Amino acid sequence: MIPKKKPQTRMLQAFLVILTIIGGAALAASPHQAWAHGGATIKLASEPFVFGGKITIAGENFEEKDGVTLKLLGLAGEFLLGTVTTDAEGRFRYEGDLPLTAHPGNYQVLARSKDATASANTRILASLDAAQALEHTIDLGFHRGASPGATAALAAVIGLLAVTGFALAFLPASCRFSWRR
Amino acid sequence: MLLPPRGFHIVAGWLHQRLGLSAFTYHVPVYANSLPYLLGGITLVGILVIGASGIYLAQFYHPDPAEAYASSLFIVQEAPLGDFVRGVHFWASNLVMGTLFLHVLRVFVGKAFRPPREALWLVGLGLLVLMLGLFFTGTILKWDQEAFEALEHNEAMGRLLGGLGTWFTGEFSTAVSLLMRVYVAHVAILPVLLLFLVAGHLLLIRIHGMAPPPGREAEVQAALETAGRGQAAPTVSHFGVHLRRLLGFGLLATALAGLLALVLAPPLGPAPTPGIEVTKPSWVFVWLYPFENWWGLQSLLWIPTGLILGLAAVPFAYSIAARWPRSQWFLLVAWATILVAIIALGFYGWLTTPMEHLMGEP
């Protein structure tokens, strides 16, 4: 006699089927921008960029001796940076001025050739002060290296909280605190 | 049993008499001490941590559009332990949203909304909406590019509602900036409402008790009555044990928030640039981003509204479906599908490149 499946098993099976269908649909519907086109990639040097400053783009895995058009896309508009020709290994390096009409904000750098497209996100900041502030905030994770005492004290407090929490959470239920004798 | 030092019981007894601590010496089922049943309490401990860190941050934050970003920078660069406290506030907020969603999921899967706990479910839903509001308003206060665009979306939602939505726009009060009003909402209005609803939520739990797993109502009730008569009941525990484990896990979550604050600085983007739309919302709201791409701004209003109304109807839908047991499985699978879709849409929204939605809006 074939045993009946438990309701929990049926529910779990239905859940897994639904998860697989939706996961597959989500992957199939993923935008093309999320995936590399033909393996071509670009990297941006010396981010973040400052308004009115220079931009440096390095590309690789393009076709050899191919023309690549470089553009800057943002809500302020579409800006043509220039065109370059890849070398015998499909690489290029571009350095040029940021257009003065590309106002501060977030942009997408697009490199397009006949057979390949690559993109990278970047941002243009208003001033060097803003760039320094952003650099400072990004670096905050370990900035307390300048104050090892404070870091050590905080780490000790966190450790004490963790140990106390562990003791309270995992002490046996029979271990009860009583104020009555 | 652990006994305190000699003499301590005199102080404790004094407090016990005057504060009515005997109200907390009641029985709870043993299953209430497991982690899934402690998620709500862990969320509450997290809210207290967020509140305490928020009070410190408020000493240095200036809710004026011309100064807000500079004050955010001051907190992370100059204020004593400002970056750490901001980190605790940020990571605790994210952890609390996570435990809150897991708590809602546990209550839903365990069908703890069954009669007579419908009001408890609705009050909890109100708490969920308030916490989402606090998370959203908190995102705005840092006043970077992401915050600015979030506020623009807030105004656009307000305009969609016409006269009803004027409160959410700058037109409601020209004497005070919208950022200041968002700040007042974040530090006063929403926390006060949260306090009332939390009190109501806890009171209803005390009245109705922790909902037993489906099918075990009679067994749990019998065990509690046995314990109440002073007889041994192995499936019954003491509230003190529940409270101890709740505090323990809450402290562990706090320690995790502290550790994350120590090693991972929360993001602070560049100063806002009006007129562009280049950021995406945080993980709590990013699942709505694809809807905004497909159907525009109004989807941000109607999709969450539909979801909240659907959740509010859950206890009553299950009461009706109780007459047809198979239909309950259908409801459960439908909600599971919605949950999986939200998670999948969240990843999809995370992967898509930022798109323009607000341009062209009045």
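Contact here means heavy atoms within 4.5 Å. Welcome to a few close-up views of a predicted model.

View 1. Look next for V314(B): leaving aside neighbours within four places in sequence, V314(B) touches F108(B), F113(B), W121(B) and W335(B) by contact.

**View 2. Five aromatic residues of chain B form one cluster.** They are F108(B), F113(B), W121(B), Y318(B) and W335(B). Over all chains, the count of aromatic pairs comes to 26. One of them joins F108(B) and F113(B), whose ring centres are 5.9 Å apart and whose planes stand at 45 degrees, so the pair is tilted. Both partners are tucked away: F108(B) is buried at a relative accessible area of 9%, and F113(B) is buried at 1%.

**View 3. F291(B) and W295(B) form a tilted aromatic pair.** Their centres are 5.5 Å apart, with 35 degrees between the planes. The two residues are separated by about one helical turn, because they sit 4 residues apart in helix α10 (residues 289-295) of chain B.

**View 4. S299(B) is a buried residue of helix α11 in chain B.** Its relative accessible area is 4%, so S299(B) falls under the 20% limit for buried residues. Which residues does S299(B) contact, leaving aside its neighbours within four places in sequence? They are F291(B), E292(B) and P304(B).

**View 5. A nonpolar patch lies on the surface of chain B.** Its residues together have about 1,000 Å² of accessible area, and among them are L161(B), W167(B), F172(B), M180(B), I189(B) and W302(B). Helix α7(B) gives the most to the patch, with 4 residues. W302(B) comes from helix α11 of chain B. With a relative accessible area of 52%, W302(B) is over the 50% limit and therefore counts as exposed. S299(B), in helix α11 too, is buried instead.

Notes. Residues numbered from 1 in each chain as written. Chains lettered and ligands numbered in written order. Predicted model: local features only at pLDDT ≥ 70, side-chain atom pairs only at ≥ 80, totals over all residues. Heavy atoms only, no water. Buried < 20%, exposed > 50% of the residue type's maximum accessible area, 1.4 Å probe, protein only. Patch = residues over 30% accessible without salt bridge, like charges linked within 9 Å, V, L, I, M, F, W, Y side chains within 5 Å. Areas by Shrake-Rupley, 256 points an atom, 1.4 Å probe, with all protein chains shown as cover. Salt bridge = Lys/Arg side-chain N within 4 Å of Asp/Glu carboxyl O. Phe/Tyr/Trp six-rings, centres within 6.5 Å; stacked < 30°, edge-to-face > 60°.
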